[in-house]
Amino acid sequence: MSDTKTSPQPADAADEPDVERLSTAPEESDAVPAGIGVVGWLRWCWRQLTSMRVALLLLFLLSLAAIPGSLVPQNSTNSFKVAEWKNAHKGVAQLYENLQLFDVYSSVWFKAIYSLLFLSLAGCILPRTWQFVGVLRARPPAAPRNLTRMPVYAAWRTDADAETVNAAAHRLLAARGFRAAAGSGSVAAEKGYLREVGNLLFHFALFALLIGVAWAGLASGSGTKLVLEGQGYSNTTTQLDDFTGSQFYGVDDLDAFGFKLDGFTAEYQTEGPAAGTAKEFVANVRYWDGTDSSKLKNARIEVNHPLEVGGSKVFLTAHGFAPVVTVRNAENEIVYRGPTPFLPRDSNVTSFGVVKVNDYGTGPNGEKTQMAFQGFFLPTAASDFTHTGPISVFPAPADPKLVINAYVGDLRTDSGLPQNVYELDDKAMTKLQVNGEPAKAILKVGEGWELPDGYGTVTFDGYQQWANFTISHRPGNSVALVGAVAAILGLIGSLFVQRRRIWVRATAGADGRTLVELAGLGRSESPRTAEELAEIAVQLQDDAPAVDDPSEVHAPDDVPAAADSPAAAAPTDPETKE
């Protein structure tokens, strides 16, 4: 007759610690021993730092610290957007600068968090791995003295001898993938090591992820370059608009390559509520790898589809327009002709910029002067912007207009102070006026403006498109990606694999029959342990068939019956499950 029971965790666990220890995770304690001294305090702090609780807290803090990097524009990805954000939020721009919110991932506080997490994982992984290796090399723990105290228990009597039953149980458990070991009158088996492997893989993966981030921070660099259609770029610091290096990547480490921007294509939705939304941004380029610029290859650079050349990636990060103007001085001489990039300010590419004419020459009164034109380029100008100011109503150039004011005076470009080429220093400039009002012109392509006071003319000849590229060298990205994927796989293994132990003991009774006992212990309270034990009991019936006996085997009264638990009873008949 069979008897299967389930019970709470064994009460005698203190006497049999190896039975209960199914994890290699270090035991945690918040207690601070009294009178431990300086060395003791250091050990206590190290234990706290390497505890799972602190590691999870640091991981949570790291995820929170990364949020500003997604909400606030970063210098490492798009310095143009950083400049625009600062101009639009001048009240808090300096505070954000002091908090390093424009360089989140290279900030001191972000590095401090992932450095502590790095130490925490290292201090946890090494002893835990060594302990797990010891578990793999050791035999499964021997059967406890009282198997009825285990959470899952089954027993029956058979006429087969004890040695035969134990040998059959050893073969059966080994065939089911358990690591089985025969002991004195019993068989101990263990399974589910992939759970701990998953835990360790998750920890190692996080460790690799942090290494990848640290490597990228120490050996990476990036820069930006605005390129007009028809122009090219060579990867040198003299051609970059800005460059940010690191401890192990500087201006002498730039990869040798270059490219020419043959054209830029932008397509937008023209109808419906999503009108004006971009459908496609494509930069068509010809590039060369190395120092030989004659060996060109064609490529398309799209958003989130960078050009990979050498050890760098070229990302398309922005685009806009550069109005082409011709400026003639008071003597009708051409003193400026060409495109000038204007920077977009909204999703409809309302663009603001400055045309600086350093070599204007002499004014109508013979004085040496310089000139500037400041204003807006509107790809599709609104029909009336009297109350709104110059705005574009669509990002594509359907009705382009140039709205400008004129300034004369000293541009202060020879002062030795750095200047932003997209902004006008008007401290020594005077705005031209007409009838006491600032002179302003609204020009269509091909139209000209005769400047007040005989300062000559300016003509709006057309426009060119430009694209802004970020050239990035980040060698640790692949390591971080592999670490992230491995962390997911390790987490899956640790969540869906159950660590469990099975014991089988066959002992000869005074009546000549053999008492067969099975017990199971799982790390988590899962019905799978009871179900598996019942399956093993059914399969063991072939070698140890149960026999009817008036004296049934019962667990103690504090053990609930099988009907009150998820365990399946081992049958009296090999073909039937109760």
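This report describes helix packing and strand pairing in a predicted model.

**Helix packing**

Helix 6, which spans residues 108-137, packs against helix 8 (residues 193-218) at an angle of about 150 degrees, and the axes of the two lie 10 Å apart. Because angles over 145 degrees count as roughly antiparallel, that makes helix 6 roughly antiparallel to helix 8. The crossing of helix 6 and helix 8 is left-handed, and the residues of their contact divide into 20 nonpolar, three polar and two charged.

Helix 6 also meets helix 3 (residues 52-71), where the axes come within 9 Å and cross at roughly 150 degrees. Helix 3 and helix 6 are therefore roughly antiparallel to each other, and helix 3 passes helix 6 in a left-handed crossing. Helix 3 brings residues including Met52, Leu58, Leu62 and Ala66 to this contact, while helix 6 contributes, among them, Trp109, Phe110, Tyr114 and Arg128. By class, the contact of helix 3 with helix 6 has 14 nonpolar residues, one polar residue and one charged residue.

Four strands form an open sheet in the order 6-8-9-10, with antiparallel pairing. Strand 6 (232-234) and strand 10 (297-302) stand at the edges and have a single partner strand each, so one side of each is left without a neighbour in the sheet. On average, and with direction ignored, neighbouring strands of this sheet are turned by 30 degrees against each other. Strand 6 pairs with strand 8 (residues 257-268) over three bridges in the antiparallel sense, and there tyrosine 233 has phenylalanine 259 of strand 8 as its bridge partner.

Strand 12 covers residues 312-328 and is mostly covered, with 12 of its 17 residues buried.

| Partner of strand 12 | Sense | Bridges |
|---|---|---|
| Strand 11 (residues 307-309) | antiparallel | three bridges |
| Strand 13 (residues 334-339) | antiparallel | five bridges |
| Strand 23 (residues 457-473) | antiparallel | 15 bridges |

Individual residues show how these pairings are set. Glutamate 308 stands opposite lysine 313 in strand 12, whereas threonine 326 stands opposite threonine 459 in strand 23 and also has arginine 337 in strand 13 as a bridge partner.

Two of the pairings are hairpins with a residue of positive phi. In the hairpin of strand 11 and strand 12, with two residues between the strands, glycine 310 takes a positive phi near 65 degrees. Strand 12 and strand 13 form a hairpin with five residues between them, and asparagine 332 in that turn has a positive phi of about 65 degrees.

Note on methods
Residues numbered from 1 in each chain as written. Predicted model: local features only at pLDDT ≥ 70, side-chain atom pairs only at ≥ 80, totals over all residues. Heavy atoms only, no water. Pairing = 2+ DSSP bridges. Axes fitted to C-alpha atoms, helices over the stretch in contact; angles between N-to-C directions. Parallel < 35°, antiparallel > 145°, perpendicular 65-115°, else oblique. Left-handed = near helix turned anticlockwise from the far one by under 90°. Nonpolar A, V, L, I, M, F, W, Y, C, P; charged D, E, K, R; others polar. Contact = heavy atoms within 4.5 Å. Buried < 20%, exposed > 50% of the residue type's maximum accessible area, 1.4 Å probe, protein only.
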